[in-house]
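Please look over the sequence and the structure shown below, and keep both at hand while reading the report that follows.

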Amino acid sequence: MSLSVLKHRPKLRGVLIGCLAGGFLAFSGAFGSASAPLWERLIYWVPLIVGGGLWSTLCSPLLRRLVDTDDRPWLEVVLLSLMMSVPITLTVWLTTALLFWNEGPSLHHLPHFFLPVLLITVVLSAINVLVDKSATVETHKVAGQPPARFLERLPMKLKGAALWAVQAEDHYLRLHTDRGSDLILMRLSDALAELDGLEGGQTHRSWWVAREAVCDVARGDGRATLTLPDDTRVPVSRRYARTLREAGWW
């Protein structure tokens, strides 16, 4: 399975990484669980880690709306781990008590779970963030290929327009075209999967731009800014700049 597919399907990615990590922790008997039978370790570790991965897919979009981590992946790892660790610590404490302790949950043991949970969360967050960061999205127009599926989503007033850029605004996408702009309800990650068939690329966590719509490129301080025909300025983060530069965008 390619990195780009995993990027477009963060929940699938969370489940896959969670299953692999949970299986590893179960087979290795991590954190004192070796005394339990293997089947019991699998029942314990795999759902916990998969649940943590799914929780990560909910926390990540919220974090990215609050803090611009596009050029600071390790800051994203740290903040994401801290956001996740407290609720996961409570979940692990309760699950451990129900499965392994005859006396039930005890607050005395709760603090001892935080550091192991934080360690696992940091490692898995780093894997998810690095997979996400490494999957730079470019779309291509191939001779004989049908038009991009995304064009079918253009609102009626923009039907037939030349698509210049797609900009994420919370849960919506602003479509920039030669006939003006409009909003549709969709995630950028889903849109990127439907833009193949148009020559373009992601320039920022919130932007996809059609290559032919770029009128000017301004560079400075390791960053770049693209200008669209209507003078809209589109940021290019360091994360995408190298790929776009090597592809000949400037």
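In this predicted model, helix α7 (residues 238-246) lies across strands β1 and β5 (200-204), where contact means heavy atoms within 4.5 Å. Helix α7 runs at about 150 degrees to β5; axes are lines fitted to C-alpha atoms, for helices over the stretch in contact, and angles run from 0 to 180 degrees between N-to-C directions. The names of these elements follow DSSP runs, numbered from the N terminus, with helices (H or I) of at least four residues and strands (E) of at least two.

Because this is a predicted model, local features need pLDDT of at least 70 and side-chain atom pairs count only at pLDDT 80 or more, while totals for chains, interfaces and linings use all residues. Residues are numbered from 1 along each chain as its sequence is written, and side-chain values use heavy atoms, with hydrogens and water left out.

**The sheet**

Six strands form an open sheet in the order β1-β5-β6-β2-β3-β4, and the pairing is antiparallel; two strands pair if DSSP finds at least two bridges between them. Strands β1 (138-139) and β4 (180-185) stand at the edges, each with a single partner strand, so one side of each is left without a neighbour in the sheet.

| Strands | Bridges | Example of residues across the pair |
|---|---|---|
| β2 (163-169) and β3 (172-177) | six bridges, antiparallel | L163 opposite T177 |
| β2 (163-169) and β6 (207-210) | three bridges, antiparallel | A165 with V209 |
| β5 and β6 | four bridges, antiparallel | G201 with V209 |

Strand β2 has five of its seven residues buried, so the strand is largely enclosed by the rest of the structure; buried means under 20% relative accessible area, exposed over 50%, and partly exposed in between, with a 1.4 Å probe and protein chains only. In the hairpin of β2 and β3, which has two residues between the strands, D170 takes a positive phi near 55 degrees.

Which way do the residues of β6 point? W207 and V209 point one way from β6, whereas W208 and A210 point the other way, and all of them are buried.

Although H204 and R239 are 35 residues apart in sequence, they are 7.8 Å apart in space, taken from C-alpha to C-alpha.

**A pair of helices**

Helix α3 (residues 38-66) and helix α4 (residues 73-100) pack at an angle of about 150 degrees, with their axes 9 Å apart. The two helices are therefore roughly antiparallel to each other, given that angles under 35 degrees count as roughly parallel, over 145 as roughly antiparallel, 65 to 115 as roughly perpendicular and the rest as oblique. The residues of the contact of α3 with α4 divide into 15 nonpolar, six polar and three charged; here Ala, Val, Leu, Ile, Met, Phe, Trp, Tyr, Cys and Pro count as nonpolar, Asp, Glu, Lys and Arg as charged, and the others, Gly among them, as polar.

Leaving aside residues up to four places away in sequence, S56 touches L80 and M84.

**Positive phi in two loops**

F31 has a phi near 50 degrees, which is a positive value in a residue other than glycine. F31 is placed in the loop between α2 (10-28) and α3, and at 48% relative accessibility F31 counts as partly exposed.

Where does D231 lie? D231 is found in the loop between β8 (223-227) and β9 (233-236), and D231 has a positive phi of about 75 degrees although it is not a glycine. At 55% relative accessibility, D231 counts as exposed.
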